[in-house]
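Please read this briefing alongside the sequence and the 3D view. It starts with a question and then goes through the topics in turn.

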Amino acid sequence: MKFTDGYWLMRDGVRASYATEIADTRVSDDRFTLYAPVRHIRHRGDTLNGPLLTVECFSPAEGVIGVRVTHHAGTLDRGPHFALRHGQGEAAAGKVTRDGSLLELTSGGLALRVDTAGPYRLEFTADGRTLTSVEARGTGYATTPDGAHHSLAQLSLGVGELVYGLGERFTPFVRNGQSVDIWQADGGTASEQAYKNVPFHLTNRGYGVFVNHPGKVSYEVGSEAVGQVQFSVEDQTLEYYVIHGPAPKEILSRYTALTGRPPLPPAWSFGLWLSTSFTTAYDEETVSGFVRGMAERDIPLGVFHFDCFWMRAYQWCDFTWDPEVFPDPEGMLRRLKGSDGSDGSDGSDGSDGEQRLRICVWINPYIAQKSPLFDEAARLGYLLRRPDGSVWQWDLWQAGMGLVDFTHPEARAWYADKLRGLLGQGVDCFKTDFGERVPTDVVWHDGSDPERMHNYYTQLYNRTVFETLTEERGEGEAVLFARSATAGGQQYPVHWGGDCESTFGAMAESLRGGLSLGLSGFGFWSHDIGGFEGDPDPALFKRWVQFGLLSSHSRLHGSTSYRVPWVHGEEAVTVTRDFTRLKHRLMPYLYAAARQAAEAGTPVMRAMLLDFPDDPACQTLDRQYMLGDDLLVAPVFTADGTVEYYVPDGEWTHLLSGERVRGPGWRQERHGFDSLPLLVRPGAVLPWGERDGCADYDWAHGVTLRAYGLADGCTVTTRVPCPGGADAVFRTTRGGSRITVEATGAPGPWYLRLDGAGPTHEAPTGATELTVLLS
């Protein structure tokens with residue numbers, strides 16, 4: 001929100017007050033509080049009839065410093081609040097020192113310095129340099145003509161400093177110059193609105209900032225004051241955390257340590273998902289034909305998804321299969337999963353080496369008036385209500401729909417019980433759609449503030465579903481396909497990019513959004529292969545298939561048209577088959593990347609700046625990404641196969657062709673539909689799975705270590721998970737012309753292949769070492 005009219009004036013009807021100096025302090029060993037008037041105090045009389053801001057400075061975790069600014073402290077706090085992990089029970093992270101008028105709070109390598117005798121100013125430093133600072137208009141509040149009170153803060157931007165994040169945003173990747181409202185909306189991927197709004201940004205100067213407010217946070221990123229990031233909330237208090245890196249991966253690690261990290265999704269979820277699409281016509285015969293068609297064309301299929309019309313029209317959600325279209329849902333699910341009736345719930349693959357099919361169904365948090373559950377939920381008080389006690393309803397999306405009030409514990413249990421019924425029928429996971437259009441003229445069961453609950457509602461919704469899956473299926477078997485999210489939503493994976501058009505432009509904007517979400521703490525992300533709105537032409541479909549199967553999770557889904565590959569021609573079938581099988585071969589590598597997301601908050605699909613923060617060319621790249629540590633992916637966004645991309649320093653290798661490419665520098669290439677820029681980082685040892693028929697198999701058995709450009713004297717450690725056991729660990733060392741691999745815990749034979757093109761060298765079962773001479 002903008003408050004000023006240029007540099008000198010305020011906007012009509014706006015009055016602003018800013019911390020001017022420090023009148024008093026309260027200091028303890030690990031924190032301090034500043035008392036800051038909004039005008040210069042010349043004498044005692046000036047202490048009267050004027051505001052005094054309370055500025056608390058503390059450290060919730062090492063490398064993180066929090067600032068809480070309060071004008072009037074007596075307001076009623078109705079919540080909700082982000083559930084942050086503050087390291088309870090641990091030693092205080094901060095340490096305060098005082099030298100005359102200088103106060104300093106340090107936490108790890110981060111320090112906050114204040115000169116209590118000078119004009120009001122906060123300076124955040126690390127490694128002897130200033131990261132950012134709060135200057136003359138950096139702490140205060142503004143009142144607008146409608147009487148609203150907005151607390152605001154400004155943090156300075158340095159020359160060349162770039163800002164990223166703020167959730168899954170489809171606008172330009174670098175946020176500088178943008179006005180951004182953290183406010184959930186169902187706006188598709190072609191507008192400034194976002195399904196996943198996260199009040200966290202990071203910069204290329206070694207720090208990030210998290211605004212600890214679940215409601216609307218209004219950002220001006222170098223857009224009102226061009227040298228400042230301003231954020232404001234309609235509240236009497238504003239709390240934010242400055243998070244030190246210095247590397248961007250370290251910033252994300254500290255941020256996700258506060259807001260939560262995702263559990264590992266089940267291995268089978270990394271396979272290919274196929275959907276009915278949205279408004280297309282389908283019944284059991286159609287679905288069975290799709291599944292059979294994939295098998296006949298030798299395209300491995302991991303998950304089949306039933307979109308909205310598995311239920312009856314006007315009755316979403318009643319959690320009941322449309323009896324006219326699906327008269328025998330339990331039998332149908334058994335038939336889809338295999339003639340033996342196995343549902344694969346033990347996580348094993350089939351005896352034929354192919355993955356057992358899992359089933360996903362669409363749900364949303366709304367109950368339409370025609371649903372038999374509407375009266376029940378309304379009578380029990382489980383639907384969101386207006387201030388007069390009536391159920392909040394509207395006709396947008398579903399006729400007369402109400403919202404399940406997830407602040408009501410019994411409503412959560414009621415909703416979860418409906419899901420358990422579906423799980424008992426053979427459903428394995430849920431697409432948790434919607435959760436953005438949440439009204440504010442309502443009363444929540446637990447008394448939550450409606451403005452703060454607007455964004456936070458999705459957290460309660462997705463948590464309810466995810467926890468139910470975990471309870472019913474066990475740890476490690478829960479997975480969602482969620483659209484909406486806020487800070488902390490990364491704990492309930494996976495999320496997908498929402499409604500995009502079937503165009504190359506929409507494909508590129510989807511990638512922008514996914515990279516932005518990854519820089520906002522989310523580890524797993526997907527998108528609708530082929531686009532949602534419209535019918536992709538064969539060229540677009542094939543290019544999107546490549547991109548989709550080199551993403552964290554991969555789903556074929558559309559709106560009014562099917563996404564089975566053969567409707568786009570035989571070459572589309574070949575591309576889908578080849579890239580699905582490629583992804584399965586990469587599973588030992590991808591699952592290791594997934595572990596990084598779960599353990600450190602590093603996303604599987606990464607903006608280039610995460611891995612190359614010191615390369616200025618990588619700081620603005622949004623049409624390519626790193627998939628894990630060692631694979632560079634540049635999707636093709638043209639019908640004729642031309643692509644321009646950047647290669648960082650070193651000699652990289654095309655995974656598919658073996659061609660060597662030396663960076664740093666830009667490349668222009670043209671690729672057929674069997675290829676795209678997919679480069680292996682120099683010095684990588686890429687674990688290559690033995691099987692390509694499914695995502696969930698014993699990755700360590702028969703694994704091939706593909707070593708690329710190992711430098712003399714280097715050692716690379718590769719961990720390959722073994723189902724139900726310890727990892728197989730391989731240490732690959734180059735000494736002169738010798739490359740030696742030491743293996744621990746390998747369950748079967750394993751292999752070494754140099755530079756992806758040389759002969760394959762076998763280490764038989766039980767071997768713990770293999771040495772190869774370079775030719």
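Does C694 count as buried or exposed? C694 counts as buried, because its relative accessibility is 1%; buried means under 20% relative accessible area and exposed over 50%, with partly exposed in between (1.4 Å probe, protein chains only).

This is a predicted model, in which local features need pLDDT of at least 70 and side-chain atom pairs count only at pLDDT 80 or more, while totals for chains, interfaces and linings use all residues. Residues are numbered from 1 along each chain as its sequence is written, and side-chain values use heavy atoms, with hydrogens and water left out.

**Cysteines**
- The structure holds zero disulfides, a disulfide being a pair of cysteine sulfur atoms within 2.5 Å.
- For C694, the closest cysteine sulfur is that of C722, and the two sulfurs are 15 Å apart, so they are too far for a bond.

**Fold and dimensions**
- Eleven helices and 45 strands occur in the protein chain; these are DSSP runs, of H or I with at least four residues for helices and of E with at least two for strands.
- Along the principal axes, the C-alpha atoms of the protein chain fill a box of roughly 85 × 75 × 50 Å.
- Of contacts in the protein chain with a separation of 6 or more, 67% are between residues 24 or more positions apart, where contact means heavy atoms within 4.5 Å.

**Burial and surface**
- Among the 775 residues of the protein chain, 61% count as buried.
- The protein chain exposes about 28000 Å², and carbon and sulfur atoms supply 47% of it; accessible areas come from the Shrake-Rupley method with a 1.4 Å probe, and for residues only the protein chains shown count as cover.
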